[in-house]
Amino acid sequence: KYGIGVILLIMMIVIAVMEPSFRTGSNMINVATQVSINAMIAYGMCLAITTEGIDLSVGAQLALVSCVLGTLISNKGWSIPMACLAALVISTAWGVINGFLISKFNMFPFVVTLSTQLIIRGLAQLVSGGQAIPITDASFKQIYSVKIGPIPFPIIVLIIVTILMYLLLHWTKFGRYVFAVGDNMQAAIASGVSILKTKTGAYAISGFLAGIAGIIFTAKTASAQSNIGVGYETDAVAACVLGGTSFAGGVTTIPGVLMGIFIIGFIYNGMNLIGIDSYYQSMTKGAVIIGAVLLDMVMNKKNS
């Protein structure tokens with residue numbers, strides 16, 4: 001139960017010994033700020049995986065949100081709140097479409113979300129015209145740069161979303177339904193659980209959180225681009241499986257996913273500080289994912 005926390009602690013100690021600058025407060029805040037974007041996507045991904053599915057469209061949704069923001073704010077002159085609201089509605093709508101297709105027609109989540117990933121990425125290119133759209137509005141940039149006391153706003157968002165996701169999954173009827181659907185769909189149906197509402201809701205939340213990630217990312221770069229978010233679903237899956245989310249469905253914990261997110265963040269940050277080439281970072285992440293999935297399979301076999 002607490003193995004992931006031990007792994008996280010050991011990793012932090014090893015990196016801190018190898019590179020003293022790692023343990024500075026400013027670096028810890030920097031890591032937390034950077035992983036806040038991946039955390040939004042990982043939380044949505046854990047909902048999809050817990051229902052025995054997957055959402056491969058989240059990176060493309062982030063890109064579409066970015067392009068919508070750039071178009072509405074820079075080209076159309078929309079206010080920032082209205083542009084953000086419109087972008088969130090669009091990303092949530094794509095989540096609803098994913099969940100509806102998967103649950104209503106019993107389609108494979110991998111196929112559905114891979115297909116919508118291609119459609120959404122194409123829409124992002126269409127909206128942006130294939131060009132980067134600079135966003136010069138200083139108040140929009142503050143979404144990423146502003147601080148509340150010493151804490152950057154993205155970390156505040158991370159804390160709030162983490163608490164809300166924990167309450168949603170572990171303290172609400174919807175959360176119990178998500179676990180029930182992933183654990184035993186037929187038993188859930190027999191108990192009166194609506195598969196359509198539960199899965200559609202899970203993917204809608206995934207889309208909404210991808211939208212939040214898109215807003216934060218776009219505020220960070222001050223530029224809307226259709227080619228961003230590529231591979232973000234991989235980091236999200238890695239964080240989920242590291243945090244104990246099972247591909248067999250029905251098993252996840254928000255604290256575990258949060259620790260998985262920070263493990264991925266520390267891999268990148270630590271290797272950058274030590275000076276390890278980015279190619280090795282990708283290889284390490286891949287090896288971590290394989291190890292986590294193997295561990296998940298072993299644990300499931302022991303429990304069965």
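**A walk from a loop to the core**

Let's start at Glu52, which sits in the loop that links helix 2 (25-50) to helix 3 (58-75). Keep in mind that this is a predicted model. The backbone at Glu52 is worth a look: its phi is near 70°, a positive value in a residue that isn't glycine. Is Glu52 buried, exposed or partly exposed? With a relative accessibility of 45%, Glu52 counts as partly exposed, because that label covers values between 20% and 50%.

Ala222 isn't a glycine either, yet its phi is positive, at about 55°. Its relative accessibility is 18%, so Ala222 counts as buried, the cut-off being under 20%.

Next comes Ser223, part of strand 4 (residues 223-224). Ser223 is buried too, with a relative accessible area of 14%. What does Ser223 touch, once neighbours within four places in sequence are set aside? Its contacts are Ser66, Ala132, Ile133, Pro134, Ile135 and Thr218.

The largest nonpolar core holds 81 residues, and the members that touch the most others are Met40, Tyr43, Leu69 and Phe140. Helix 2 is the biggest contributor to this core, giving 13 residues. Take Tyr43 as an example: leaving out neighbours within four places in sequence, Tyr43 is in contact with Leu158, Val161, Thr162, Met165 and Leu209, and also with Ile254, Val257, Leu258 and Ile261.

Definitions and conventions:
Residues are numbered from 1 along each chain as its sequence is written. This is a predicted model: local features need pLDDT of at least 70, side-chain atom pairs count only at pLDDT 80 or more; totals for chains, interfaces and linings use all residues. Side-chain values use heavy atoms; hydrogens and water are left out. Helices (H or I, at least four residues) and strands (E, at least two) are DSSP runs, numbered from the N terminus. Buried means under 20% relative accessible area, exposed over 50%, partly exposed in between (1.4 Å probe, protein chains only). Contact means heavy atoms within 4.5 Å. A nonpolar core is a set of buried Ala, Val, Leu, Ile, Met, Phe, Trp, Tyr and Cys residues joined through side-chain atoms within 4.5 Å.
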